[in-house]
Amino acid sequence: MTLTASAVPTRVATPFYRAVGDEVAVFRAAAGRGLPVLLKGPTGCGKTRFVETMAHELGRELITVAGHEDMTSADLVGRFLLQGGETVWVDGPLTRAVRQGAIFYLDEVVEARQDTTVVIHPLADHRRELPVDRLGTTLSAAPGFQLVISYNPGYQSVLKSLKESTRQRFVAIELGFPPVDIETDVVAHEAGVDPETARALVMLGNAIRHLEGSPLREVASTRLLILAGGLVAEGLGLRTAVQSAVVQALSDDSDVVRALGELVDAVLPRT
Ligand SMILES: Nc1ncnc2c1ncn2[C@@H]1O[C@H](COP(=O)(O)OP(=O)(O)OP(=O)(O)O)[C@@H](O)[C@H]1O
Ligand SMILES: [Mg+2]
């Protein structure tokens, strides 16, 4: 698997983000002190959008890396590569962020191998430094550097593998799905649908989230509701859109799909 790092220029238009609680104030305070932030929340609840928004507001570059099981510290820090018969050092995304004073966002941190904590820990406490063993040096993080990691507490194994010594270095911010009015605004804006359609989708999302004894591993996220809304904006009927973007996306089990279908029938307006 290859490492995907993307740098989001901060000059682009302000990202659309609707705050749900005090997350903006908490992030700003943490940024003021250069403290690292741990974002907790289910998939599709707005973690990435929130970090993009904060980077834009703070005028910092954002470097994002998605954690995966093959990720090692060299993927983050850098490595020697052979280029035209010469061996040259190439900074990894974390080293670039440390040098530039950027916000470094490591998505799904627990997917990465344990050896990545060796480079994360000294950056996440008062030292703010990155040991680059292969260069025999230690870099001090430039002002503005901030480490942000995310994880989804819904996955049990993930919860176990985030070490206590890692957790306790971070200011934690929990993001969940927004209340109905805010999520309706988000779905209407992002999907480009009218408020009534957005609201119907959000009501359905909430009904799925509150299903008792639900067999679903993940519930309907804001992202899924936006996907369904996008299909409606393209002219598809609401029920057809929901069937494809929500029901079939959530489960492969025919009994569960049938039960979700019944819920959709009960919750969506008949038109
Ligand atoms: N509070 C919000 N304000 C504006 N848009 C939001 C908000 N919450 C969610 N969204 C929308 O939902 C989409 C999914 O959110 P995002 O990609 O940030 O989720 P995530 O928590 O990073 O998910 P994952 O864990 O899968 O990476 C965003 O592209 C955005 O359109
Ligand atoms: Mg994300």
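Student: Where does V148 sit in this structure?
Tutor: In this predicted model, V148 belongs to strand 9, which covers residues 146–151.

Student: Is V148 buried or exposed?
Tutor: V148 counts as buried, because 27 C-beta neighbours lie inside 10 Å, and 20 or more are needed for that label.

Student: Which residues is V148 in contact with, leaving aside its neighbours within four places in sequence?
Tutor: The partners of V148 are P36, V37, L39, V51, I103, F104 and Y105.

Student: Take I103 from that list. How many residues apart along the chain are V148 and I103, and what separates their C-alpha atoms?
Tutor: V148 and I103 are 45 residues apart along the chain, and 7.1 Å separates their C-alpha atoms.

Student: What about the protein as a whole: how many helices and strands?
Tutor: The protein has 12 helices and 10 strands. Its C-alpha atoms fill a box of roughly 65 × 40 × 35 Å along the principal axes.

Student: And how many of the residues count as buried?
Tutor: The protein has 271 residues, and 37% of them count as buried. As for contacts with a separation of 6 or more, 71% of them join residues 24 or more positions apart.

Student: Changing topic, where is S140?
Tutor: S140 is in strand 8, made of residues 137–140.

Student: Buried or exposed, and why?
Tutor: S140 is exposed, because 12 other C-beta atoms lie within 10 Å of its own, and a residue with 12 or fewer is classed that way.

Student: What is S140 in contact with, again leaving aside neighbours within four places in sequence?
Tutor: S140 is in contact with R128 and E129.

Student: Where is R128 placed?
Tutor: R128 is in the loop that runs between helix 5 (116–120) and strand 7 (129–132). The phi angle of R128 is positive, at about 45 degrees, although the residue is not a glycine.

Student: Which loop holds A13, and is A13 buried or exposed?
Tutor: A13 is in the loop between strand 1 (5–8) and helix 1 (23–33). It counts as exposed, since 6 C-beta neighbours lie inside 10 Å.

Student: Now the later part of the chain. What does UniProt place at residues 183–267?
Tutor: An unreviewed UniProt entry places the feature "domain: CbbQ/NirQ/NorQ C-terminal" there. In the model, that span is 74% helix and 0% strand, and its end C-alpha atoms lie 17 Å apart.

Student: What describes the packing of two helices?
Tutor: Two packed helices are described by the angle between their axes and by the distance between those axes.

Student: How do the axes of helix 9 and helix 12 cross, then?
Tutor: Helix 9 (residues 195–209) and helix 12 (residues 254–267) have axes that come within 10 Å and cross at roughly 135 degrees. Helix 9 is therefore oblique to helix 12. The crossing is right-handed.

Student: Which residues make the contact?
Tutor: Helix 9 contributes M203, L204, A207 and I208, while helix 12 contributes L263, V264 and V267. By class, this contact has seven nonpolar, no polar and no charged residues.

Student: How far is A207 from S140, by their C-alpha atoms?
Tutor: The C-alpha atoms of S140 and A207 are separated by 49 Å, and the two residues are 67 apart along the chain.

Student: What about helix 9 and helix 10?
Tutor: Helix 10 covers residues 222–233, and its axis comes within 10 Å of that of helix 9, with a crossing of roughly 145 degrees. Helix 9 passes helix 10 in a right-handed crossing. T197, A198, L201, V202 and G205 of helix 9 meet L225, A228, G229 and V232 of helix 10. That contact has six nonpolar, three polar and no charged residues.

Student: And how do helix 11 and helix 12 cross?
Tutor: The axes of helix 11 (residues 238–250) and helix 12 come within 10 Å and cross at roughly 145 degrees, in a right-handed crossing. The contact involves R239, V242, V247, Q248 and L250 of helix 11 with V257, L260, G261 and V264 of helix 12. These residues divide into six nonpolar, two polar and one charged.

Terms used. Residues are numbered from 1 along each chain as its sequence is written. Chains are lettered from A and ligands numbered from 1 in the order in which they are written. This is a predicted model: local features need pLDDT of at least 70, side-chain atom pairs count only at pLDDT 80 or more; totals for chains, interfaces and linings use all residues. Axes are lines fitted to C-alpha atoms, for helices over the stretch in contact, and angles run from 0 to 180 degrees between N-to-C directions. Helices (H or I, at least four residues) and strands (E, at least two) are DSSP runs, numbered from the N terminus. Angles under 35 degrees count as roughly parallel, over 145 as roughly antiparallel, 65 to 115 as roughly perpendicular and the rest as oblique. A crossing is left-handed if the near helix is turned anticlockwise from the far one by less than a right angle, and right-handed if clockwise. Two residues are in contact if their C-beta atoms, placed from the backbone, lie within 7 Å. Ala, Val, Leu, Ile, Met, Phe, Trp, Tyr, Cys and Pro count as nonpolar, Asp, Glu, Lys and Arg as charged, and the others, Gly among them, as polar. UniProt positions are given in the numbering used here, feature names are shortened, and annotations may be inferred rather than shown by experiment.
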